[in-house]
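Work through the exercises below with the structure in view. Try each task before reading its solution.

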Amino acid sequence: MFSIFRNLFSKMIIPSLTGRAGVGLLILFLFISCSDEQLPTGAQLSLVRQHLAVRTTSISYGYNTNLTASLTVEGENTAWELSGLPEWITASATKGNGAATITLTASENKSPDESRAAMLTFSSTATDYQYSKTISVSQPAADVYITPSENALNCIPAGESKMVTIASNVDWTAESSETWVTTSKSEDGQLRIKVEENLGTTRNATIYLKRTGTTTIVSTISVVQAEAGVTGSTEMMVFDVDGESRTTTIQAEASWTAYSSDGTWITVSPAIGNVGNATLTISTMANISTNARSGYVYIRIGTATKLSIPIQQEGVQYNVSDTSIELKSTTESGTFDVESNTGWSVVSKPDWLEVTPTNGAKGKTTLTVTPQDNPNTTQRSGSIVIGRDDFSGNKTVSVTQVGKTFGDLDSQMDFPNTGGNQSLTINTDGQWTASTATSWIHLSPQSGSGEETLMVTVDANPGKDERTGSIAVSVGNTTQTITVVQVGRYINISYDN
């Protein structure tokens, strides 16, 4: 009888027991049952607990943040399902059995004009266990956004066009605070920004992005355009005294103009240019002064000078190695050097000199000075002028040519009445001549060159009186006179004893 009751109890009552009371009754039942008699071989007693609960009642999402939420399912041995999901929410699971964690993910609400909401239903699908829970979900309307891919633009001085991508959930317009920045919308919805060339100082502008039809500024783009500059060598350019053309390269960040500080002798070409690299040709006129001169070539952008190139041109310089030359009385040449930074010529010279060459170019030149033979015993002098006609910087070389040497001769030669020969040594390095107006005096040779011996022959004196004559020996413009004295005849009387 008790076995029958136990079987009925286990089939009808035990499956409906839940909680602590059911567990207690089950223990009591098992105790009574075991004390009465043993279970049949292979038989088992079992108790299946069923439970299901969701504590969450509502979920609030952000329109583009906090887009996930967790739904915790408490449960045992009970099947469930989640229904009522709107299209903007996805669930990691919509069906299950027992405990679980469901991730609910909302998509971004891109509409700035509409919020959205839904009611989800969580319920048991078991036939012997009833449970249902309603969960509200909501998401606000999106904030209006007009987001540029760049919020700050640094633009080159030459001006440029830039494309900025705009991410937006509304139709938008762009407006610039400055006239040198203009905007337009491309066909694919990008913002085209055009910046003009900057010929002044650094400048700033702001582009305002607004929702079409409103005055509310949603976002901004700042535009900074740097002041344009010019780079290039500022090393002094030194020009030849005769004038020349030289080149230099500049790099400009905007349109530029070039001019010189003194257009009378400095020119620059081209005078205008655009952004980028440019080659300038700077030319100078010949400097006809001994003074060096200097100036500048300026590169300007707008009204501001951006680059100054110093220019220097040396003055005319003539230099001679010797300011005076002494030459021998012969035609032996002498030399001196002319060093100059420009062309030169022999402006003047004495007639008795030959100078070669008579002109030259810049640099060092050796001049040969060849005199004519100086026949005189006195020196002569003159000047060689090197340079240009009517130029204050000419150089003068004084030239002196010594005269011939002429040694002193005996002032008197004495001869006996019988006559005879005597020699006279002439000491000179020049041409000499000897002459006499006296008929009884004979000279041989009567001319010569250099040191020679003059033979003086005197005839016998037929008279009893002394007689005199003279000899003239000349070297160039100098003459020495030798007096010739010859005694008269005399008679020797001898007495014989």
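**Exercise 1. Find what share of the residues in the protein chain is buried, and describe the chain as a whole.**

Step 1. Of the 497 residues in the protein chain, 36% are buried; buried means under 20% relative accessible area, exposed means over 50%, and partly exposed is in between, with a 1.4 Å probe and protein chains only.

Step 2. Know the basis of the values: this is a predicted model, in which local features need pLDDT of at least 70 and side-chain atom pairs count only at pLDDT 80 or more, while totals for chains, interfaces and linings use all residues. Residues are numbered from 1 along each chain as its sequence is written, and side-chain values use heavy atoms, with hydrogens and water left out.

Step 3. The protein chain has two helices and 44 strands. Helices (H or I, at least four residues) and strands (E, at least two) are DSSP runs, numbered from the N terminus.

Step 4. Take contacts (heavy atoms within 4.5 Å). Among those between residues at least 6 apart in sequence, 60% join residues at least 24 apart.

**Exercise 2. State the strand order in the open sheet of four strands, and explain which strands stand at its edges.**

Step 1. The order is β1-β3-β7-β5, and the pairing is antiparallel. Two strands pair if DSSP finds at least two bridges between them.

Step 2. β1 (51-54) and β5 (89-91) each have a single partner strand, so one side of each lacks a neighbour in the sheet and these two stand at the edges.

Step 3. From one strand to the next, the twist averages 25°. The axes are lines fitted to C-alpha atoms, for helices over the stretch in contact, and angles run from 0 to 180 degrees between N-to-C directions.

Step 4. β3 (residues 68-76) and β7 (residues 100-106) are joined by six bridges. V73 stands opposite A100 in β7.

**Exercise 3. Describe the largest nonpolar core.**

Step 1. A nonpolar core is a set of buried Ala, Val, Leu, Ile, Met, Phe, Trp, Tyr and Cys residues joined through side-chain atoms within 4.5 Å.

Step 2. The largest one has 22 residues, and Y61, I102, L104, F122 and V137 have the most contacts inside it.

Step 3. Two or more residues each come from β1, β3, β4 (79-83), β7, β8 (116-124) and β9 (132-139).

Step 4. Leaving out residues up to four places away in sequence, V137 touches several residues, among them I59, Y61, W88 and L120.

**Exercise 4. Describe the aromatic pair of W80 and F122.**

Step 1. Rings of Phe, Tyr and Trp (its six-membered ring) pair if their centres lie within 6.5 Å; planes under 30 degrees apart count as stacked, over 60 as edge-to-face, and the rest as tilted. The whole structure holds six aromatic pairs.

Step 2. W80 and F122 are 5.2 Å apart centre to centre, with 35° between the planes, and the pair is tilted.

Step 3. W80 is in strand β4 and F122 in strand β8, 42 residues apart. Both are buried.

Step 4. Ring pairs link W80, F122 and Y131 into a cluster.
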